[in-house]
Structure formats: C-alpha cells, structure tokens
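Please look at the sequence and the three-dimensional view together before reading on. The report below starts with single residues and then moves out to the whole chain.

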Amino acid sequence: MSPPAKRLVRTLYVYTFLDDFVLLYPVYALLFTDTGLSVAETSSLFVIWSVAGLVLEVPSGALADSVSRRLLLFAGPLLAAAGFALWVIFPSYWIFALGFVLWGVRDALGSGSIEALVYEELAHTGETSRYAQVMGRAASASMAATAAAIALAIPVFAAGGYPAVGVASVLACLLTAATALAFPEHRSPVREAGDDGELSYGQVLRAGLAEARGDRRVLHGLVLLATVTAVWGALDEYVAFLGIEAGLPETAIPPVYLLVWAGATAGGLLAGRARRLRARGFGAVLAAGAVALAGGALSGHPAGFVAIAAAFGVFQLAGVVADARLQDSITGPSRATVTSVAGLGTGVITLAVYGVYGAASGLVSHGLMFALLSVPYLLVAAWVIIGRRARAAAEPEPAPAA
C-alpha cells in the first residue's frame, strides 16, 4: 500500500473508532427514564431521530459532492457533541428531541461522504481493489469502539453519573472532528461544469439521482446494499428479547451481544477476501447466512446464538462487498449522492422491519420472527444467483490487485 493510502487508512480507522466511542450510547435510555419520559415519549424521540436522518440523507449526499467531504466529516461530530452536551446540561423532552435532530444531521452528513472520500482517495493512488478490505476493517473498528464504550461506561457512570459520561462523549466527538482534518482529499474532475468550472448543487443532485435511477448496474447495487444491510441491522435491536425467550438470565444478555458483535466484526475483517466472489458464490454465502440465522433463532437454545453470530458476520461481510461493488459501478460526478440513496433505502427498510416486528410481536415468538426475517436474504440470494440483471450488479469485473 502506498504512503498516501496508508495515511488515509490510518485516519479512517481512528475516525470510525472515535465516532462510535460514545459512552452515552449504553445509558441514554436510562437518562430519558430518569428525566421522567414515558416509553411512548422515548419511542417518539427515536422516530424524530430516524426521520431527521432520512429526510436529509440524499440532500446531504449532494452537498458532499458539492463541497469538501472532509469539511462535512469535521462538522458532523461537532453537531453530535452539541446535542450530547445539551442532553446532560438541560435534560428535558424537547432538548432530547433537539439532540436527536442534531444526531440525525450528523449521521446524514457522514453517510455517503466517507465512502465517497475513501473510494476516490484510493482511486487517486490506483488502489480501489483494497476498498472492501479497508471498509470492512473500518466497520470492525466501529464495532470494537461500541463494545469498548459499553464496557467503560459502567465504571464511569458509577463514578460520575450522567455528567461524567456526557463529558467523555463530547470529548470523543471533538476528537473525531479533529481526526477528520487529517483526511487527504483529492476531488475528481467534474464532467459538466458551470460558468465557475464546478457543478452547482442542483446539477450534482440531479446527476446523482439520474445515475441511481438510470444505470441498471447502479440501481441493482443500491437495492442489494440497502436490503443486505438493513434487515440484520434492525434485528440486532431484538437480540435481548430472543435471549430472554431462550431462557437466558438478564446478566447473560451483554455477553450474548458481545458474541453477536464478535461475529459481525469477523465478517468485516473477512470482507476483503470475499471481494472476488462471483454471483453464485456471493448468493451461496447469503443463503448460508439466512439458514444460520433461522436455525439459530428457532433452536430455542443458548447455543443458537453462535449460529446467529455467524449469520451476522456473513451479512456484515456481504454488506461491505455490496458497497464495494456499488462504488465500482458509479461513474458520474455524484458518488456521495448515489451512495446516500443506498443509505435512504437502508433507513426505509429498517423502519419497515421495526414496524413488522412490532406488529407481529404479540402474535408469534421472537424466534419465529427472526426466522421469518431471514427470508429476505434467501430471496436476495436467489435474485443474485438466477437473475441476469442482478448478476450485473453483484458481479462487476474485479478490480486488478494492487
């Protein structure tokens, strides 16, 4: 790997780790409860958070194609820091709502921006074949940060309460913003220039949406990435319920989460090797993950979580590979805009999974719900293997090895 690429990769790993090393994550629900919020009010805050991110997803992607992506990656964590500080200093429903809006803006500014920046910087050094490996390891760094934050939050909260975890979280956000300034950034030349030599925001947005809609390979790549990423990401929120249903004591739930995250982390680390899978192999891997998810969930035994961890690892791996292949298929000047369309699709599917799970939770067991939600992966696997159109999205020519 060339020295410029090594600098990029080191900065990326530090950035993604710090971005999720937020000690408030494990305890903010307790903060809401201690402030007097009801379950319904807390749920409404999650809706505000989701809607803010979805509404701004694609517009922020076009912004990332119009201005410095490094600047957006710097600004996003500062907004999160402001929100977390407000939560701890002035805890109330409307302050929490404002914090979630700021958090949603932060998520939108980063979604699409970081993928586009990393891919184009690797393209600048002729090393795009390393993209899946790099982003898989970055995803693993993010998960490791989440686990570390959970472990550290317990003693910090015991020692200093919400002010202590709040200060630690704000500090992590500030360090994340500072790290963003170390990213290299070489923008690709635009294809359609205005009078000032650059595309306007509107031109960037239209170009990105046109490519997402009009290029079959890109469109299929967007559908594949959104579906593969969203379903297991939503199911992760229900692992605790599945564990309790399997007879585990509450004290065993955190180790179960660590097991599941370990599986997903391993999947990210293996993504580089899976980059060259052909359509049949990629579909077979997805199908194997679906079978492992359903079998583990329906087993009703604690050992079933090993299979679920393996399934989550497969889905993490598949998501990173799908992202890499989507990036390979984008040819226009609006890379971040196109990538943000995938983020929008992921958000919509995630909300749909939440809705379906909530509506059916009183009718079927958690194990059966997990098994039913493995079906989309079987359908996607069949689509990738059998469909000619899907093959164009799932199996572009592999990039030459660096």
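Gly 289 is found in helix 12, which covers residues 279-298. The model is a predicted one, and in it Gly 289 has a relative accessible area of 0%, which is under the 20% cut-off, so Gly 289 counts as buried. When its neighbours within four places in sequence are left aside, Gly 289 is in contact with Ala 311, Val 314 and Phe 315.

Apart from neighbours within four places in sequence, the residues in contact with Val 218 are Glu 211, Ala 212, Leu 326, Ser 329, Ile 330 and Val 338.

| Pair | Apart in sequence | C-alpha to C-alpha distance |
|---|---|---|
| Gly 289 and Ala 318 | 29 residues | 9.7 Å |
| Val 218 and Asp 328 | 110 residues | 9.1 Å |

Helix 6 shows how a whole element can be checked and described. Its 12 residues, 113-124, should span 16 Å at 1.5 Å a residue, and because its end C-alpha atoms are 16 Å apart, the model agrees with that expectation. Is helix 6 mostly covered or mostly uncovered? Helix 6 is mostly covered, since 10 of its 12 residues are buried, among them Ile 114, Leu 117, Val 118 and Tyr 119, but also Glu 115, Glu 120 and Glu 121. After helix 6 comes Gly 126, whose phi is positive, near 70 degrees.

The view can now be widened to the protein chain, whose secondary structure comes to 17 helices and zero strands. Its radius of gyration is 21 Å, close to the 21 Å that the globule rule gives for 402 residues, and therefore the chain is as compact as a globular protein of that length. Along its principal axes, the C-alpha trace spans about 60 × 50 × 35 Å.

Buried residues make up 50% of the 402 residues, and, among contacts between residues at least 6 apart in sequence, 84% join residues at least 24 apart. The protein chain exposes about 16900 Å², of which carbon and sulfur atoms supply 68%. As for charge, the protein chain has 24 positive and 26 negative side chains, and the centres of these two sets lie 12 Å apart.

Key. Residues numbered from 1 in each chain as written. Predicted model: local features only at pLDDT ≥ 70, side-chain atom pairs only at ≥ 80, totals over all residues. Heavy atoms only, no water. Helix = DSSP H or I, 4+ residues; strand = E, 2+ residues; numbered from the N terminus. Expected span 1.5 Å × (residues − 1). Buried < 20%, exposed > 50% of the residue type's maximum accessible area, 1.4 Å probe, protein only. Rg over C-alpha atoms; globule rule 2.2 N^0.38 Å. Contact = heavy atoms within 4.5 Å. Areas by Shrake-Rupley, 256 points an atom, 1.4 Å probe, with all protein chains shown as cover. Lys, Arg positive; Asp, Glu negative; His and termini not counted. Charge placed at Lys NZ, Arg CZ, Asp CG, Glu CD.
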